[in-house]
Amino acid sequence: LMQDPVYKSFLCLLQHLSSEIVDPEQLAAACRDLFFHLAEKSELYRGEIVGDPWHNHLLDRIVAADNVFSRKAGLNEYRNMGPALLQAVQYDLRVLQRLAALGETAYQEAKERLQQAGYQAELPQWPGFTPLAPSPSPGAAAEARQQLKRELAACRDWDRAGLELLAGFYAAHGAGFFGSFRAFRWVHSKDGGYLKGIANPDPVRLQDLVGYEQERAAVVQNTEKFLHGLPASNVLLYGARGTGKSSTVKGLVAAYGDRGLRLVELPKRYLSDYQEILQLVESRPQKFIIFLDDISFEEDEVEYKELKGLLEGSLQARPDNVLVYATSNRRHLVKEYFSDREQSKTWQSREVRQTDTLQEKLSLAERFGLTVIFYSPDQEEYLAIVRELAGRYGLNMDEQELRQQALRWALYQNGTSGRTARQFVDYLYGEINFKNISPAK
C-alpha cells in the first residue's frame, strides 16, 4: 500500500497539514496531486463507487490484498491463524478505517488553511467523480467484491466484524491477484517473468459456440473432474484452423471462473519459464490451466523439451492444481521430415541413434493424457452452423439465398470452418442492419 500513488499522495497531504509551518504552494500542490490520482482511478472506474473516491480506493486495495493473512484465509485456514498475526491484522484494519474516514476532512482542512493564508489560486472541489458504466455481465465474483465493499463501508469495527467479512471473502473467492482476475498472461522481462492479469478476457461462452458439441463435451468433462479434485488429464486439442479449439479453452473461464478456475496463457517462446509459474500457483486454492495456443515446433526449436518437463514433471513436480491445455493444427507437434527416415549417403553424417530422435519427435503429443480432434466441417456441417448462427442473430431470410451466400463466402475465404461461418454471419448481420440505418440529417 505504501507504494500506491493515491495512498502516497494522501500521506503527503497529511504530512503538510501536520507541519507547524505550512508552505501554501506545497500544500496546494499536494491537494492537486491527490485530486489527479483520484480522478485517474475514479473517472475510468467500472461500477459503483462505495463512499467517496478515497474511501472506495482503500476498500479496493484491502479486498485485493495479497499477504499472509489473505492467503491463509483463502486456504480456509482462518481459524488456525496464530494470535500474533490476527492482532497485527486487527491493528492494520483499525488504522485503515480511520484513514478512510479522513479523506474529505483532510482535503477541506487544506483548502481552509490555504484560504486563511491568502492563497489566490482556485482548487478543485473534493472529488465527486462519475465512473464509467459497469460491465453488462460483471460476474458473480465482481458482485461479491462489490457487496463486500458495501458491508465494510457500513461496518463500525473493521478490526472485528470487518476481519470476519474479509476472511470469508478470501475463503470463497481467493486472495489478491488470483481473486481479482480470472485470466492471466505470462510476461517475460529482463528482470524475470511475471503474471499479468487480463481485466477483460475474451467474452466467448461455451453455450455460444455452435458445432463440435461432442468434442467440447470431452474437454468440459475433463475440466469438471479437475475442479472436483479428481484425476484429470492434460489436453491437446488439434485439428483444422477455425474449428473452435482456442474458443473452447477460453470459454472455460466464463463457465468456471467463479468456481476457482484460472487460465494462464504461456507463449511458446517462454516455455522455459514454466517452473516460475508453478512456484507462483502451487500454494493457491484455485485450479490453473496453463494454456498453450496454436503450438508447433520446428526441428531446430528445443522448447518442446521444456514442454515435456511441464507435462511429465522435472525435479519440480507439476502441482495437483495445474493442468496443461494446448491447441495445435498439427497432430505431431514437432515437424518431421522425410530425411529423418532416410539413411544418409555417407556413414559419417548418419546419426548413430536416428530412430531414437524420430521417436522423441513423435512422442511429444502422446504425453497429453487426452487428445481431442476437431475435424474440418464438410459443406453441410458448415451450412448447419451458418443456419444456427443466423437464427441466433434473428436473420430471417430465404434459406436458399442464405445457402448460396454462405457457400460463396466460403469460396472466397478458402474453406469451410466454424470461424468462416461466424465471420459470414457477422458480415451479413452488419450489412442488413447498416442498410436500415437512417441517413444522418
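Contact here means heavy atoms within 4.5 Å. Helices (H or I, at least four residues) and strands (E, at least two) are DSSP runs, numbered from the N terminus. The structure is a predicted model: local features need pLDDT of at least 70, side-chain atom pairs count only at pLDDT 80 or more, and totals for chains, interfaces and linings use all residues. Residues are numbered from 1 along each chain as its sequence is written, and side-chain values use heavy atoms, with hydrogens and water left out.

The protein has 18 helices and seven strands. Of its 441 residues, 42% count as buried. Buried means under 20% relative accessible area, exposed over 50%, and partly exposed in between (1.4 Å probe, protein chains only). Among contacts with a separation of 6 or more, 76% join residues 24 or more positions apart.

Helix α5 was examined for its span and its faces. The expected span of a helix is 1.5 Å times one less than its number of residues. The 18 residues of α5 should span 26 Å, and its end C-alpha atoms are 25 Å apart, which agrees. Val89, Leu93, Leu96, Gln97, Leu99 and Ala100 are the buried residues of α5. Seen down the axis, they fall within an arc of 155°, so they line one face of the helix. The arc is that of the directions from the helix axis to the C-beta atoms. Pro83, Ala84, Gln87 and Arg98 are exposed on the other side of α5. The cover over the buried residues of α5 includes α1, α3, α4, α6 and α8.

A straight helix of 16 residues would span 22 Å at 1.5 Å a residue, but α8 spans only 20 Å between its end C-alpha atoms. Its buried residues are Trp158, Asp159, Gly162, Leu163, Leu166, Ala167, Phe169 and Tyr170. These fall within an arc of 165° down the axis of α8, so they line one face of the helix. On the other side of α8, Arg160 and Ala172 are exposed. Gly174 follows α8 and has a positive phi, near 95°.

Packing was then traced through the nonpolar cores. A nonpolar core is a set of buried Ala, Val, Leu, Ile, Met, Phe, Trp, Tyr and Cys residues joined through side-chain atoms within 4.5 Å. The largest has 47 residues, of which Leu13, Leu34, Trp54, Phe69, Trp158, Leu166 and Tyr170 touch the most other members. Elements giving two or more residues to this core include α1 (5–18), α2 (24–42), α5 (83–100) and α8. Helix α2 gives the most, with seven residues. Leaving aside neighbours within four places in sequence, the contacts of Phe69 include Leu85, Leu86 and Val89, as well as Leu163, Leu166, Ala167 and Tyr170. A second, separate core of 26 residues includes Leu236, Val281, Leu310 and Phe368.

Leu395 lies in the loop between α16 and α17 (399–412). Leu395 is buried, with a relative accessible area of 12%. Beyond neighbours within four places in sequence, Leu395 is in contact with Ala390, Val425, Leu428, Tyr429 and Ile432. The C-alpha atoms of Leu395 and Ile432 are separated by 8.7 Å, although the two are 37 residues apart along the chain.
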